[in-house]
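I opened this model with two things to look up.

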Amino acid sequence: MNIETVCIHGEGRKTDYTGAVCTPIYQSSTFAHPGVGRSTGYDYTRAQNPTREHLEKKLAALEGGHGALAFSSGMSAVGALVELLSPGDHVIASDDLYGGTIRLFDRVLTKNGGSVTYLDTGDIDALAAALRPETRLVFVETPTNPMMRVTDIRAVAELLRGRGITLAVDNTFLTPYYCRPLELGADVVIHSGTKYLGGHNDTLAGFLVVKDEELEAKLRYTEMTTGAVLAPFDSFLIERGIKTLALRMDKSSENALALALWLEKQPRVKKVYYVGLPSHPDIAVSRAQAGGFGAMISFEVDSAETARAVLERVELIYYAESLGGVETLITYPLLQTHADVPEEQRLERGITDRLLRLSVGIEHIADIIADLENALAV
Ligand SMILES: *Cc1c(COP(=O)(O)O)cnc(C)c1O
């Protein structure tokens with residue numbers, strides 16, 4: 001089946017005894033046993049729930065994984081992955097990561113005796129040079145947040161082959177509609193389902209999708225033990241969101257390209273970071289591994305005053321954290337997503353007081369442009 005169809009039907013069209021076209025919300029924390037030593041397959045919702053299971057199967061089918069696990073947020077999904085590490089283990093991660101993931105690595109992983117090296121995972125030689133005998137995990141985000149740099153997933157997988165190192169890719173920005181890292185050689189895919197998968201800025205969720213059965217079992221055990229599972233109603237909302245993923249990704253990406261081209265021509269805009277721009281250095285790598293460029297744009301304006309004015313003058317676009325929903329949002333990485341990243345590290349990466357980030361929604365492009373045009377007219 002084609003991916004648009006999998007978004008709607010998962011592994012295949014199914015109904016229960018009622019013929020319900022949509023997955024029922026099994027709002028039950030526990031399930032009665034038919035007899036001693038017998039189970040319906042469901043015992044207690046922390047271990048598994050039919051609504052969550054249905055969603056997990058859909059995610060696994062979309063990413064081409066052996067299995068998927070749904071968590072209460074993207075961060076709890078990353079947290080479960082970090083739980084697999086032991087004191088002394090070493091992690092290599094993209095240096096332009098989501099701020100929350102940096103916080104988890106710097107504060108939790110390190111406290112528990114692990115260590116982390118940040119580098120540009122798009123630079124294969126630098127990555128090869130940083131590998132150590134105790135390296136257990138390479139964590140790649142692509143495109144990165146907020147600088148939109150791209151890592152060649154196939155090349156990293158090739159480098160790590162046979163070394164016993166897990167390659168994890170945060171695929172939140174592109175979703176399986178555009179990119180399927182497991183098919184490119186990754187071992188684990190991470191999602192903040194809060195973003196494009198849910199798609200409506202109304203639910204928090206996270207996922208790990210894995211290729212290997214043994215790794216899946218370890219992660220399931222961790223999730224069941226630590227307990228950050230996705231609730232039945234939230235599972236229903238995310239599953240419903242995924243039904244329109246293809247339409248939303250196409251529309252928001254089309255809007256994003258038009259907006260990026262328009263932004264490049266504005267006198268107050270000094271630089272535009274969008275993977276789909278012909279001027280983007282990684283456009284070829286992106287084309288080779290993804291079917292689209294997504295709808296995230298960062299741009300630098302001429303001064304910190306202009307940046308603040310834009311945030312205060314937008315009327316249609318919300319000045320709000322998060323991304324991947326139908327509404328266009330604008331954020332100020334300096335004060336929001338990357339507020340906890342040390343200043344030196346931030347500036348090195350180009351996250352200045354002039355940088356703004358847009359998550360382009362599915363409104364009419366003319367209305368989004370009109371709003372930004374007005375906001376930039378300071
Ligand atoms: C939002 C986000 C996360 C964290 O997900 P939550 O659902 O907010 O916990 C992780 N990675 C990326 C790329 C994100 O955008």
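I began with C7. Its sulfur is 14 Å from the closest cysteine sulfur, the one in C179, so the two are too far apart for a bond. My criterion for a disulfide is a pair of cysteine sulfur atoms within 2.5 Å. I searched the whole structure and found zero disulfides. C7 is buried, at a relative accessible area of 0%. C179 is buried too, at 3% relative accessibility. Buried here means under 20% relative accessible area, with a 1.4 Å probe and protein chains only.

A note on the source: this is a predicted model, where local features need pLDDT of at least 70, side-chain atom pairs count only at pLDDT 80 or more, and totals for chains, interfaces and linings use all residues. Residues are numbered from 1 along each chain as its sequence is written, and side-chain values use heavy atoms, leaving out hydrogens and water.

Next I asked which residues surround the ligand. I listed S73, G74, M75, Y98, E141, D170, T172, S192, T194, K195, A205 and L323.

Then I checked polar contacts, pairs of N or O atoms within 3.5 Å. A polar side-chain atom of S192 sits 2.8 Å from a ligand oxygen. A backbone N or O atom of G74 is 2.9 Å from an oxygen of the ligand. A polar backbone atom of M75 is also 2.9 Å from a ligand oxygen. Taken alone, the ligand exposes 380 Å², and the protein buries 94% of that (Shrake-Rupley method, 1.4 Å probe).

Technical notes
A residue is near a molecule or strand if one of its heavy atoms lies within 4 Å of it. A polar contact is a pair of N or O atoms within 3.5 Å; within protein, one must be able to donate a hydrogen and the other to accept it, and residues adjacent in sequence count only if both atoms are side-chain atoms. Buried means under 20% relative accessible area, exposed over 50%, partly exposed in between (1.4 Å probe, protein chains only).
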